[in-house]
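Welcome! Let's get to know this structure through a few questions and answers.

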Amino acid sequence: MMQLKKWLEWGGVKKEVVCLLFSAVALVLSLLHLVPGPVDAAWIAIVLCGVPILLEALIGLVTAFDIKADVLVSIALIASVAIGEIFAAGEIAFIMQLGALLEDLTVAKARAGIEKLVHLTPRTARLLLAAGEKIVPAEQVQVGDRLRVLPGETVPVDGVILSGKTSVNQAVMTGESLPVDKAEGDEVLSGTVNQFGAFDMRAAKVGEDSSIQRMIRLVQSADAGKAKIVGVADRWATWIVGIALTAAALTWLITGELIRAVTILVVFCPCALVLATPTAIMAAIGNATKHGFLVREGDALERLASVDKIAFDKTGTLTYGTPRVEAAVPLAEGVSRKELYAWAAAAEQRSEHPLGKAVLRCYREEFSTDAPQVEQFEMLPGRGVHAVAGGRDILAGNEELLAEKGALLHNTEPARRYMEQGCTIMYLAVDGMPVGFLALTDTLRPQAAGMIAQIKQTGVAPVLLTGDHEPAARHMAERISVEEVHADCLPEDKLRLIGEDASRRHRVCMIGDGINDAPALKRAWVGIAMGGVGSDIAVDAADIALVDDEIKEIPHLLGLARRMMRTIKCNLAFSLTLNAVAILLAMTGILNPVVGALVHNAGSVAVIVNSAFLLRWKKRQWPR
C-alpha cells in the first residue's frame, strides 16, 4: 500500500494536468471514432484518470474502511467497462479527475512561517565573566548569568536590566509601533532588539523557556484545534454508495436488464456534487484577488462565511504603525506653538529614534521648511536628546530627563489628558526652563471607522486585541466604535482569548500584521494578515493575505464568502435534483450509460457556469 501511495503522490498537480490533457484528446478521438482498430481511445482516459481513482478507493477501503466518493466512481467505472461502455467509463474518470485537480488547486497549504520564525532566534550572547566578555552560543546561557547587550543587538534570553538605559523595539513580541524605554530593574524579552544604549542584564528565562521559543511553539501548535472542512461528496459518500447500489440491484432484479442498473451507477456518479464546491471557491478566489486578497488556504472563504467575530490587531492593521505629532502645546509665557515645534525639530535632527524622526517629518510637512540647524547633539538612551541649536540649549525627552536637569513642568495636567488618549509625550526645556510638550500618536487608517460600521451591519462583532496599553487601546476603540477591547496582550494572551471564544462556539476571524500576531492568526477560524506592512511570518501563518493593506475591502471579502456559500448550496441542490431525475429515467430505460454520462456531465457544466458568476460579483454598499 505504501508503494501505491507514493505513486499517487508523485508529480502532484503537474501530473494531474498532463493526464487530463492526454485524456481529453483521447475522449475526443473516441467520440469521433478517429482511431481505427479494436481498441477504443477512451481507454487512455480510463488508465490515466480512472486508475488513480480506483487505487485511492482501494487504499481507503483496505486501510481504514473509509468510504468516499471515489468508491462510487470506481463502481461506476468497473460496471461501465464490464458491459463494454468504454467511452462512458473514460468520461466519468475524466470529469472526476478534473474535480480532484480543482480541489488540489484550492486546498493547497503553504507552511513556511516556522522556518522564518526560527531564524529570529538569537544565535549568540555576550557573557560577562571575571576575565571579561565572551561570545557564547545563546543556548549555553544559564539562569543567573550576566550578559551585555550592545546597540543594534538582539536580546538573547529573557532577563532583567542590571545597569544601563536604552530603548528596545518590542514589536516582535507585543506589536507596539514605538520603542520602549528601559532602565535598571526593567524586564527585557528574547528576540527584541536593543536600539540605542548598551546595558547589562541578568538571565531569567533561557532555552525553551524564553519568549521567542514559546512563540515558536505557539505557532507550531496553534492550528491543532482548528476544524477542517470535509468535501460534501465525501461526507455523504457512504449514503450515496448505499443508495446507488440498492437502486441498481433492485432495478436489475425487477427489470432483469443489467444495462439499466449500470446506467443508474453512472448517473449516480457525483460529478456535479464534487465540482459544486471547488468551482465556486476558485471563482471566489479570483474575485478576491481582484480586490487585493491572496487566498492561501483553499477552504478559507468557506470558513470565513460562518464567522461571528472579527478580532483586529491595532498597530499596523487599524493604524499605519507610524507615529505623528498630534499636538504641540506651549506652556511657557511668550512661547508660540511654532517656536516650540521648531525647537523640538531642531533637537531631533540627528536622532535615530522613531519619535524624533516623526517630529522632524511632521514639522517639515506642516511648515514646509527645515528646522534650525543643530550645533551640538547628544543622544541620551532611554531618556531623550540634548542639543544646541540657534544658540539655545534644548532638552527633548521624557519626564525623567527634565527632572534630572531640574526643568520639569509643574503643570502636567494637559500632558496627562493626552496620555489618557494613548499619546506618547515628549517634554521640552530650553535654556534650563520647561516650555511645553509634544504629543505623538499612531495614525488611524481613514477607512477604519467605516469598515467597522459595515462589518457590524453584517451581524459580525468587531474585537480589538492589542499589545498597546489600556489608555491607547480604549481611545482607539472609541474612535472606531469597537466595544470589546483587550489591551496589553502578549502573543499567548491573544491565542488564549481566541481559544476561549472558540470554546464558547464563536468562530473568530483574526486580522493582524506582526510576528506577535502569528499564533493567533494560526489558531483563529480564519486568519487574515496585512501583506503590505505585515511580517512574512504573519502572512505565512494566515489563511488570507491583504496584499495592499486596503482594509476597506474586508467587508467585500466577508460578503463574497457568504455569496460563495449560497452559490455552493445552489450547486448542491441542483446536482442532487438532476441526479434524482436521471435515476428515475435510468430505471425506466429512457437513459443508457452514454446518455446518462452526458446528462450528468451537462449538470457539471451548469455548476461550473453558475460558479463563474462569482468572478464578477461585487458587494452592494450597505445603507448608512
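Q: In E16, which residue is the bridge partner of Leu-395?
A: This is a predicted model, in which local features need pLDDT of at least 70, side-chain atom pairs count only at pLDDT 80 or more, and totals for chains, interfaces and linings use all residues. Residues are numbered from 1 along each chain as its sequence is written, and side-chain values use heavy atoms, with hydrogens and water left out. E15 and strand E16 (residues 424–430) pair in the antiparallel sense over four bridges; helices (H or I, at least four residues) and strands (E, at least two) are DSSP runs numbered from the N terminus, and two strands pair if DSSP finds at least two bridges between them. In E16, the partner of Leu-395 is Ala-429.

Q: Which residue takes a positive phi in the hairpin of E14 and E15?
A: Strand E14 (residues 384–389) and strand E15 (residues 392–397) run antiparallel, paired over six bridges. Within this pair, Val-388 stands opposite Asp-393 in E15. Two residues sit between the strands of the hairpin, and the one with a positive phi near 60° is Gly-390.

Q: Are Asp-517 and Lys-494 buried or exposed?
A: These two residues form a salt bridge, with the closest N and O atoms 2.5 Å apart. The pair links distant parts of the chain, with Asp-517 in the loop between strand E20 (508–512) and helix H22 (518–523), and Lys-494 in helix H21. Buried means under 20% relative accessible area, exposed over 50%, and partly exposed in between (1.4 Å probe, protein chains only). Because Asp-517 has a relative accessible area of 0% and Lys-494 has 0%, both count as buried.

Q: How many disulfides does a search of the whole structure find?
A: A disulfide is a pair of cysteine sulfur atoms within 2.5 Å. Two of the cysteines to look at are Cys-423, buried at 10% relative accessible area, and Cys-570, partly exposed at 44%. The number of disulfides found in the whole structure is zero.

Q: What separates the C-alpha atoms of Ala-561 and Arg-303?
A: Ala-561 lies in helix H24 (residues 554–587) and is buried because its relative accessibility is 0%. Not counting residues up to four places away in sequence, Ala-561 touches Leu-301, Leu-304 and Ala-305, where contact means heavy atoms within 4.5 Å. Ala-561 and Arg-303 are 258 residues apart along the chain, yet their C-alpha atoms are separated by 8.2 Å.

Note on methods:
Salt bridge = Lys/Arg side-chain N within 4 Å of Asp/Glu carboxyl O.
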